[in-house]
Amino acid sequence: MLFVKDRIGGMLLLIFSITYGLLSQQIHLLPFQANSAFHARTMPEVLSVLAIGLSVLIILFPGSDEKPRFAGLNWGLGALFLALMSAYGLMVRPMGFLIATSLFLMIGFALLGERKWWRLLAVAVPTVLAFWALMTYGLDVFIEPLPQFMKGS
Amino acid sequence: MLDGILIGLGTALTPMNLIFVMIGCFVGTFIGMLPGLGPMSAIALMIPIASTLEPSAGIILMAAVYYGAIFGGSTSSILINAPGVASTVATSFDGFPMAKQGKAGKALAIAAYSSFSGGVIAAIFLLVAAPFLASVSLAFQSTDYFALMVLGLTAVAAFASKGDVLKALLMTVIGLMLSTVGTDQTQGVPRFTLGILDLTDGISFLLLVMATFALSEALIAILKPNDDSKRQEEKDASSHLGSMAVSKEEVKEMAPVIGRSSVLGFLIGVLPGAGATIASFLAYGTEQRIAGAEKGKLFGKGSVRGLSAPETANNAAATGSFVPLLTLGIPGSGTTAIMLGALIGYGIQPGPRLYIDQPEVFWSVIVSMWIGNIILLILNLPLIPYIAKVLAIPSRFLLPFILFFSLIGVYFVSFNTFDIQLMVLFGAVALFLRFLDFPMAPMILGFILGGMMEENLRRALLINNDSWSFLWERPLTLSILVIAGLCLIVPMVSPLFAKLRKAKPVETPTAD
C-alpha cells in the first residue's frame, strides 16, 4: 500500500512545499524590514512549514488505501489538447483571433473524432465570427482579428 | 430596510439588469446542465463578461448564473443521473427514479418549484440577517477579521468528508501559498516571481479558477473514452420528458418539506465552509427520518419529499452563503469565494462597509435573487425541454468550446498570452491532483483569503506595536480563534474516538 493516491499527492505537494520554503529565503529584505515582527518573508515561512507538516502527515497517515487508476484513459489525447492549448496561446497574436481560434476549434473537434471537414468548418468559423462580433461590438472588448502581416499600420 | 429594498428594486429592475438576470439564469442553467461543470465553472466563465459591466450589473449577472447553474445541475441529475455538481447528487436519489418511471417532467417541475421556494424563503432570511450582521460586524477590527479568516479556512476541514480533512487543509495552505506570489503589498518586495516579469502582479484569481475548474473538468471528460450508449441515453432522456403538471396532493406533501428544508438550508449555508452539498444531504436525511415508515420506504424510489427536500435546501444554502460574503467579506464556499474575487476586481471590498458605502450593490444582489428565482420558474421551466437538448450535443463539439471559453476568458481580462501558458500548466497540475482526489475548492478559498489575511494580520500587528498579544487579549478575537481551533481539532480527533469506541466491547445491560 505504498503508492496510494494520498501518498503520491502528498509527496508531490511536499516537494512543492520544500521548494516554496527554499525560495522564500530568497525574498529580498531591507535591513529595517528584517527586524520587524512581520515582514514579506513571515507568511511564506509559516505557510511552508505548515504545508510541509501537512504533506508529511498525509504521507504517513493516508485517508484511504485507494490506488490511482490511470489505465483506460486517453492520456495521449489529453497531452495533445494541452499542447494544442499552449500552441493557441502562442499563435493567437501572430495569427489573429479569427484564424487561430477557428484552427484551435477545428483541430479540437478533429482530435475528438469529427472526420467531416465541412462540419469542422461549419461549426467553428461562424461561431468564432459571431463571438468576435459580440465581444467587439456588443461588449466593447477589442481583440485583433487578423494576422500581424495583414494589420494596417 | 424598506429604503434598501427600494434601492435594490430600483437597481435590479432596470431593463438592462433584468436582461442580465435572464441571460445569467439561462446561461447558468445551460452550463450547469453539462455534467461536470458546476456553478463555480459557470461563474468563472462569466467573469470576463461581467468585468466589462458596472459592478451592480456584473454581480447581478453572476448571482443569476449561480442559481441558474444549480437549477441546471438538478436537471442533469434528474434526466441522466449525472449530477453537474455535488450539491445536486441528493436530487438524483429520487429524481432519476422518477424520470425512469416516465415522470421526468413532473420531477423537473417539483425540483423547480422547490428550488424557487427555497431560494425565495432564504432571500427573505437574508434580507433580515444580512443588515443585522453587517451592523454588528461594524465593531470588528483587523484582529477579528484575521481571526474570522482563519475560521473560514479551518471550517473547510470541519466539513470535509471523512479521510479528507488533511487533504482539504493542505490544499487551503497551497492556495494561501499561491496568493503570496507577486509583489508584497506593503513592502513592495517581489516574492516567488522567479525573475518573470509577468508574475510581478501575482497570479490572477480568474486564471486559477478557470484552470482548476472549467479547464480541468473539460480535460477529465477528454481523458475518458467516449461512451456512445450513454450519449444515446442522454439524447433519449432529453427528448421524452412527459407532463410537467404537479397534483394538489403532491403540493400538499411538498409544502412542509419546503418550509423545513429552507430553514435548514439557509442556516447551513450561512456557516463558512459548509454549503449546498451538506445542506442537501442533511435535508434529505432529515426528511427520510421524519417521513414515517410508509413514506420513508419510498425514498430512493421516486419520492416527492426525497426530491423536494434537497432541491429546496441547496438553493436556500446557496442564498445563505451570501450572508458571510456580503456582511463580513468572507466567502463561505468556493462559489462565493469566486464572487468575492470578482467583487475585489471591481474595487469593491465586501464587508460591513458595503452595506453603508455601496447600498445599491448590497441590495440589488438580494433583490436580484428574488427576480432570478422568479425568472428561473417562469422562463427556464417551460424552456427545459429545449435547454435539455444541450445534453444531446456531441461532446466532440462541446469540449473544445469549453476549453476555448476558459482560455479566452482569461486572455480577455489580461491580454497577456503568458496567462494562457500558465493556465495550461495549472490545468495539467489540477487534473493530476483531481485524479488523486485532492479537492480544489479549499485551494481557491485559501487563494482568495490569503492576501486579505496577511494584510489584516499585518495591520493588527501595527496597531498593537508588533505584539502578538491581541490574539488572546481581545475576547472577540480569542473566541473566534477558539472556534477555529475546534473546527480544526474535532474532525481530526473524532475518528480516533470512534476507533477507541469500536475497540472497547460494548456492555449491554442485562435484565436482572
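**Going through the two chains**

Mentor: The secondary structure of chain B comes to 23 helices and two strands. Keep in mind that this is a predicted model.

Trainee: What are the elements of chain A, from the N terminus on?

Mentor: They run α-α-α-α-α-α. That is six helices and zero strands.

Trainee: Back to chain B. What radius of gyration does it have, and what would a compact globule have?

Mentor: Chain B has 23 Å. A compact globule with 512 residues would have a radius of gyration near 24 Å, so the value for chain B agrees with that. The C-alpha trace of chain B spans about 75 × 70 × 55 Å along its principal axes.

Trainee: And what about chain A against a compact globule?

Mentor: Chain A has a radius of gyration of 24 Å, but a compact globule of 153 residues would be near 15 Å. Along its principal axes, the C-alpha trace of chain A spans about 60 × 50 × 25 Å.

Trainee: How many residues of chain A are in contact with chain B?

Mentor: 55 residues of chain A are in contact with 49 residues of chain B. On the chain A side, the elements that give two or more residues are helix H1 (5-24), helix H3 (42-60), helix H4 (75-95) and helix H5 (97-111) of chain A.

Trainee: Which one gives the most?

Mentor: H4(A), with twelve residues.

Trainee: What kinds of residues are on that side of chain A?

Mentor: They divide into 34 nonpolar, 16 polar and five charged.

Trainee: New topic: helix packing inside chain B. How do H11(B) and H12(B) cross?

Mentor: Helix H11 (residues 248-270) of chain B and H12(B) cross at roughly 145°, and their axes come within 9 Å. The crossing is right-handed.

Trainee: Which residues of H11(B) meet H12(B)?

Mentor: From H11(B), they are Val257(B), Ser261(B), Leu264(B), Gly265(B), Ile268(B) and Gly269(B). The residues they meet in H12(B) include Ala276(B), Ala279(B), Ala283(B) and Glu287(B). The residues of this contact divide into eight nonpolar, four polar and one charged.

Trainee: And how does H12(B) pack with H14(B)?

Mentor: Helix H12 (residues 276-290) of chain B and helix H14 (residues 304-320) of chain B pack at an angle of about 145°, with axes 8 Å apart. This crossing is right-handed too. The contact divides into ten nonpolar, five polar and two charged residues.

Trainee: What about H2(B): how many residues, and what reach?

Mentor: Helix H2 (residues 15-33) of chain B has 19 residues. From first C-alpha to last, H2(B) reaches 27 Å, close to the 27 Å expected at 1.5 Å a residue. Its buried residues include Phe20(B), Val21(B), Cys25(B), Phe26(B) and Ile31(B).

Trainee: What covers the buried residues of H2(B)?

Mentor: The cover includes helix H1 (2-12), helix H3 (39-50), helix H4 (55-80) and helix H18 (359-387) of chain B.

Trainee: Why does Leu194(B) count as exposed?

Mentor: Because Leu194(B) has 9 C-beta neighbours inside 10 Å, and the cut-off for exposed is 12 or fewer.

Trainee: And where is Asp437(B)?

Mentor: Asp437(B) is in the loop between helix H20 (417-435) and helix H21 (441-463) of chain B. Phi of Asp437(B) is also positive, near 65°. With 16 other C-beta atoms within 10 Å, Asp437(B) is partly exposed.

How values were computed
Residues numbered from 1 in each chain as written. Chains lettered and ligands numbered in written order. Predicted model: local features only at pLDDT ≥ 70, side-chain atom pairs only at ≥ 80, totals over all residues. Axes fitted to C-alpha atoms, helices over the stretch in contact; angles between N-to-C directions. Helix = DSSP H or I, 4+ residues; strand = E, 2+ residues; numbered from the N terminus. Left-handed = near helix turned anticlockwise from the far one by under 90°. Nonpolar A, V, L, I, M, F, W, Y, C, P; charged D, E, K, R; others polar. Contact = placed C-beta atoms within 7 Å. Rg over C-alpha atoms; globule rule 2.2 N^0.38 Å. Expected span 1.5 Å × (residues − 1). Buried ≥ 20, exposed ≤ 12 C-beta atoms within 10 Å, placed from the backbone.
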